[in-house]
Amino acid sequence: MSIRRLPPELINRIAAGEVVERPASALKELVENSLDAGARQVAVRLHAGGLELVEVTDDGSGMAPDEMRLALERHATSKLPENAIDRVTSFGFRGEALPSIASVARLTIESRVRGADGWRIEIDHGEPVGEGPAALPPGTRIWVEGLFDKVPARRKFLRSPRAEYAACLDAVKRLAMARSDVGFTLDHDGRRILTLLPTDAPARVAELLSHELDRHGVGIDCTRDGLRLTGVIGLPTFNRGMADQQYLFVNSRPVKDRLLVGALRAAYRDLIARDRHPIAALFLDVPLDEVDVNVHPAKTEVRFRDPSAVRGLIVGGLRHALDDESGRSAAREQAAAPVMWTTSESYQAQPTLAVGGSVVREQQAAFEPMGFVPAARAEPAIEPVPSYPLGVARGQVAATYIVAEAEDGLVIVDQHAAHERLVLERMRAAREGGAIARQALLIPEVVELDEPDCDRLEGAAADLADMGLEIERFGPGSILVRSVPAALGKTNAAALVADLAAEIAELGGPISLRDKLDLVAATIACHGSVRAGRILSVAEMNALLREMEVTPRSGQCNHGRPTWVKLGHGEIEKLFGRK
Ligand SMILES: Nc1ncnc2c1ncn2[C@@H]1O[C@H](COP(=O)(O)OP(=O)(O)OP(=O)(O)O)[C@@H](O)[C@H]1O
Ligand SMILES: [Mg+2]
């Protein structure tokens, strides 16, 4: 066996495999370099989702020609102060990104230091192919063409231009949130997608995250043991079908760190269903010696000296903020039967039943504004109880629960969960029996969404039409809704369509959608259901109970929680010490 040194191009290519996986990772490295160079303005241009072109122009420090040549050498960096790898404040620190990218694409750098002339260097798959003077304003422009064109092993992992574009957009958003003081533009295939003026962090986050966070967000600002956490998180009721709106930063560096994601998840545990995800933009600031940034090839994970302190701060801080807002958010699920029953003493001290009411009213406002009369109405129990398994409705509590009297006990039904199930089963039955009835909107509704979301919906339009939801592309960032499934009744088309886009993204696109119609139908059903917070008449309540009795699988809502609980006579007697 003979050992030989690998040639530098091969070493670079191996490193490239770790640093650049796809256009979005090259883009991330280039924008990070611009920010490290002190840019006030960063312009990104993409063609075909970055597969054909990724270009980043900045007004930063620029490089002199010999610095440019050095920048393309492996492990050449201007950024490590006295080689102090434990005190890194810049995005870059390894001198790895540029040579890696240059080894797997055609890369051109133009750069100019203020007061000097500009220079250009071209590299083709690691080979210098030319250099010379260039005319440009002070700063740097780097463009990358044909990434992985000559590296088939890598090329085959690339996805469609649309998918690559979505990843690029995400990368720009993350860095733009990390550095709200810098202006950004993003152009894709000649179209301006983003224009972000320099601003402060809350304004930048509001611009890039769901606008609805104005109403459905909770501000975070807490400090513990020298760690500081700031940002904004969504109310539990304002969640997503996928974890795509979670932006986490450590010392202004965007990360996708498992510890942080886990802590976020833990803070919402028992506040949202397992298959839903919170929205968050969280900025963690920790002393430099508390965190090691050099643990991941794409620099997206970090290692904390004291992970439990970080976790504690996040879980505690978020939990506290959410508790303070509990009047606005959904009450914690007490889904697991047997129910906790409030005794008359504790009821006076803490009117728990009222909480649910105030809670859902807020939620309701977002969907269908209507007058709300807080009321726990009761029907006089005059008629004898016929032998319906779910009994006869006696009243509604907190505009959320139906209380019914059955022969063998007291039944409590979660009206939203129950109705959601019924709508789903109705849609299923209708689909089996042919087409689903649709209801045309008098005025088609225009829904504004991210471009990738629109792409996904457009791709699934035919399948959605089969389910009664007719949509049409209406410009790059909007979708026109022409009809909704009739089973839904009055519904908020915007919220429905946004949720569906997330759902489709998670299911992996239109190809597999046909197989997953049930899941999509469930999302639709949720929107069509009687909201908690809506006052029902006794007749409506009884109709719901009767339909539940004859509908398969009606004991569980579409998220797996029970739709009703029964308290047997024996159990009631026990509560009062009669047994
Ligand atoms: N846009 C730019 N403006 C000015 N200098 C730049 C720019 N991009 C790169 N450089 C210079 O080129 C060097 C190499 O960049 P490269 O991204 O390869 O490494 P790095 O940023 O030092 O570390 P890392 O590999 O962690 O990103 C940088 O240290 C910097 O001096
Ligand atoms: Mg770099």
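A polar contact is taken as a pair of N or O atoms within 3.5 Å; within protein, one atom must be able to donate a hydrogen and the other to accept it, and residues adjacent in sequence count only if both atoms are side-chain atoms. The structure is a predicted model, in which local features need pLDDT of at least 70 and side-chain atom pairs count only at pLDDT 80 or more, while totals for chains, interfaces and linings use all residues. Residues are numbered from 1 along each chain as its sequence is written, chains are lettered from A and ligands numbered from 1 in the order in which they are written, and side-chain values use heavy atoms, with hydrogens and water left out.

Polar contacts to ligand 1 were computed for several side chains. Arg 94 places a polar side-chain atom 2.9 Å from an oxygen atom of ligand 1. For Thr 77, an N or O atom of the side chain is 2.6 Å from an oxygen atom of the ligand. A nitrogen atom of ligand 1 lies 2.9 Å from a polar side-chain atom of Asp 58. There are 22 residues around ligand 1, and those that come nearest are Asn 33, Thr 77, Ser 78, Lys 79 and Glu 96; a residue is counted here if one of its heavy atoms lies within 4 Å of the molecule.

Pockets and cavities were searched on a 1 Å grid over the protein atoms alone: a cavity is a set of points where a 1.4 Å probe fits but cannot get out, a pocket is an open set with protein on both sides within 12 Å along at least five of seven lines, and lining residues have an atom within 4 Å of a point. Grid points are joined across faces, edges and corners, and a volume is the space filled by probe spheres set on the points. The second largest pocket holds about 640 Å³ of space. It is lined by 29 residues, of which Asn 33, Met 63, Ala 71, Ser 78 and Lys 79 are the closest to its centre. Two or more lining residues come from each of α2, β2, α3 (65–71), α4 (97–103) and β6, where helices (H or I, at least four residues) and strands (E, at least two) are DSSP runs numbered from the N terminus. Helix α2 gives the largest share of this lining, 5 residues. By class, the lining has 12 nonpolar, 9 polar and 8 charged residues; Ala, Val, Leu, Ile, Met, Phe, Trp, Tyr, Cys and Pro count as nonpolar, Asp, Glu, Lys and Arg as charged, and the others, Gly among them, as polar.

The search of the whole structure finds 1 cavity of 30 Å³ or more, and the volume of the largest cavity is about 60 Å³. Its lining consists of Leu 229, Leu 248, Phe 249, Leu 260, Leu 264, Leu 282, Leu 284 and Ile 314. Elements β11 (246–250), α9 (258–268) and β13 (280–285) each give two or more residues to this lining. The division by class is 8 nonpolar, no polar and no charged.

Across the whole structure, 33 salt bridges are found, a salt bridge being a side-chain nitrogen of Lys or Arg within 4 Å of a carboxyl oxygen of Asp or Glu. Glu 32 and Lys 28 form one, with the closest N and O atoms 3.1 Å apart. About one helical turn separates Glu 32 from Lys 28, because they are 4 residues apart in helix α2 (residues 23–36). Both residues are buried, that is, under 20% relative accessible area, with exposed meaning over 50% and partly exposed in between (1.4 Å probe, protein chains only).

The closest N and O atoms in the salt bridge of Glu 55 with Arg 141 are 2.7 Å apart. Glu 55 lies in strand β2 (residues 53–58) and Arg 141 in strand β6 (residues 139–145), so this pair ties together parts that are 86 residues apart in sequence. Glu 55 is buried at 5% relative accessibility, whereas Arg 141 is partly exposed at 25%. Both belong to a salt-bridge network that links Arg 45, Glu 55, Glu 110, Arg 120, Glu 122 and Arg 141.

A further salt bridge joins the side chains of Asp 408 and Lys 566 (3.0 Å, N to O). Asp 408 is in the loop between β18 (401–406) and β19 (409–414) and Lys 566 in strand β23 (residues 564–568), 158 residues apart.
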